[in-house]
Amino acid sequence: MSHFETVLSAEPFFHGKVFTAEKRKIKLEDGSLADREIILHGGGVAIVALDEEDRLLMVRQYRSGVGQELLELPAGKLEPGEDPETCGRRELEEECGLTTDRMTPFTVLYPTPAYCSEKIHIFKAGRLLPGRAHLDEGEFLSVERVPFREALSLALEGKIEDAKTLVGVLREAALRSKGALLTPEET
């Protein structure tokens, strides 16, 4: 059975630089009515970038929403109408001072689908090449190259709390594990 809600009306009550919030009147699948408050967000991109020594590029920055510093994948928000791959390439260079010879779609996630439309596209960067870092005004972060095994340990120990980073690290580990489990005939 397919589940659904029908939006009967939507009234914006906040317009900001990053998101818009609206109140919605909806009709549930059983015909009853309900109210929802939804954050409309343009989405973002994160990049799983590993160097030639199997170190994961990560950024450490303070996040106001949780009131603490987090260790994360390089990431950024999509500009209106921007292609996710273009955004990923831009953010990799802006934050880490690197470019890549290819960006491969890795996965997509909705971090808080109960009340937010944000969709994060995660890409895997190919060979890393020198670029030029140029942080946005008011953006402060440090770049760290974390051995992948250490990043995986941090994720498994609960020391990485950022959802997009957990998904990226755990997916990379799962794909590596799957590859190790394949027989020669399956590869």
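Modeller: Here is a walk through the three-stranded open sheet. First, the ground rules: this is a predicted model, where local features need pLDDT of at least 70 and side-chain atom pairs count only at pLDDT 80 or more, while totals for chains, interfaces and linings use all residues. Residues are numbered from 1 along each chain as its sequence is written, and side-chain values use heavy atoms, with hydrogens and water left out.

The strands (DSSP runs of E, at least two residues, numbered from the N terminus) line up as β1-β2-β3, with antiparallel pairing; two strands count as paired if DSSP finds at least two bridges between them. β1 (5-15) and β3 (33-41) are the edge strands, each with a single partner, so one side of each has no neighbour in the sheet. On average, neighbouring strands are turned by 25° against each other, direction ignored (axes are lines fitted to C-alpha atoms; angles run from 0 to 180 degrees between N-to-C directions).

Now zoom in on β1: nine bridges tie it, antiparallel, to β2 (residues 19-28). Phe14 belongs to β1, and its bridge partner in β2 is Ala21. With 39% relative accessibility, Phe14 counts as partly exposed, because that class lies between buried (under 20%) and exposed (over 50%), using a 1.4 Å probe and protein chains only.

Terms used
Helices (H or I, at least four residues) and strands (E, at least two) are DSSP runs, numbered from the N terminus.
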